[in-house]
Amino acid sequence: MITNKRSMCIIIYDFETSGLNPYVDDIIEIGAYCLEDNTSFSTLVIPLSKKGIIQKITDITGITNDLLKKEGKKPLNAYTEFFDYLQEKDELYGSLTMIAHNGATFDDIFFRRMHKYLVDANIDVYKPFMESITYIDSLLVSRYVHPYRAKHSMDAMCGMYNIKNKSSHRAMGDVMALVDLWKQLLLQLKHKHNGVEVNNIRGLIYYE
């Protein structure tokens, strides 16, 4: 029995995808990291549409169709394992806060589609924690704390803070770079608001 359940669990996450349209393209890799216990989740995913990925995506990510066939999990298995991981964190530490860079217009949309797929497959056990998730887009936070910068992409912000991304455009590489970037943005955010904790200034950086 857990007696010291926290009120918030922060998950940094990233998807590699078959294209840039979050409403029709496929997730091909999932990466996530829990700040509370330093555990991670990562898997390649066979495209839900069963379409092969184009050469441009391979050039960007290094992920090939052969790699997905060899190491990728079927969408239902990959999605269920990811949501099991999230549900475990929610039960251990409290409601989830999901952080992705450009999440508001990209990763978070894929994430909700993933949940809808599970619901449509009659797997609805994740609904309770899904309803309590808070989403943070670290790109919006970057714009907020650095309003005079022209560029706020992951590459630009990692360059600003001298953060090395050991595997750019792979899910866990981008996740671990965002872990370091988030720590820097959080320091700037606290400094801007005289040390106020993030969960006490929800209106500035949270969105539903």
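Predicted model: local features only at pLDDT ≥ 70, side-chain atom pairs only at ≥ 80, totals over all residues.
User: Before we count anything, what is a salt bridge here, and how many does the structure hold?
Analyst: A salt bridge is a side-chain nitrogen of Lys or Arg within 4 Å of a carboxyl oxygen of Asp or Glu. The number of salt bridges in the structure is 5.

User: Let's take E29 and R170; is E29 buried or exposed?
Analyst: The side chains of these two residues form a salt bridge, at 2.8 Å from N to O. E29 belongs to strand β2 while R170 lies in the loop between α7 and α8, 141 residues apart. R170 is partly exposed at 21%. Buried means under 20% relative accessible area, and E29 has 5%, so E29 is buried.

User: Which side chain makes a polar contact with the side chain of T39?
Analyst: T39 sits in strand β3, residues 39-44. Beyond four places in sequence, the residues in contact with T39 include Y85 and K89. The polar contact spans 2.9 Å, and the partner is K89.

User: K127 pairs with E131 in a salt bridge; is E131 buried or exposed?
Analyst: The closest N and O atoms of K127 and E131 are 3.9 Å apart. K127 is partly exposed at 47%. Exposed means over 50%, and E131 has 59%, so E131 is exposed.

Technical notes:
Residues numbered from 1 in each chain as written. Heavy atoms only, no water. Helix = DSSP H or I, 4+ residues; strand = E, 2+ residues; numbered from the N terminus. Contact = heavy atoms within 4.5 Å. Polar contact = N/O pair within 3.5 Å; in protein donor to acceptor, adjacent residues only side chain to side chain. Buried < 20%, exposed > 50% of the residue type's maximum accessible area, 1.4 Å probe, protein only.
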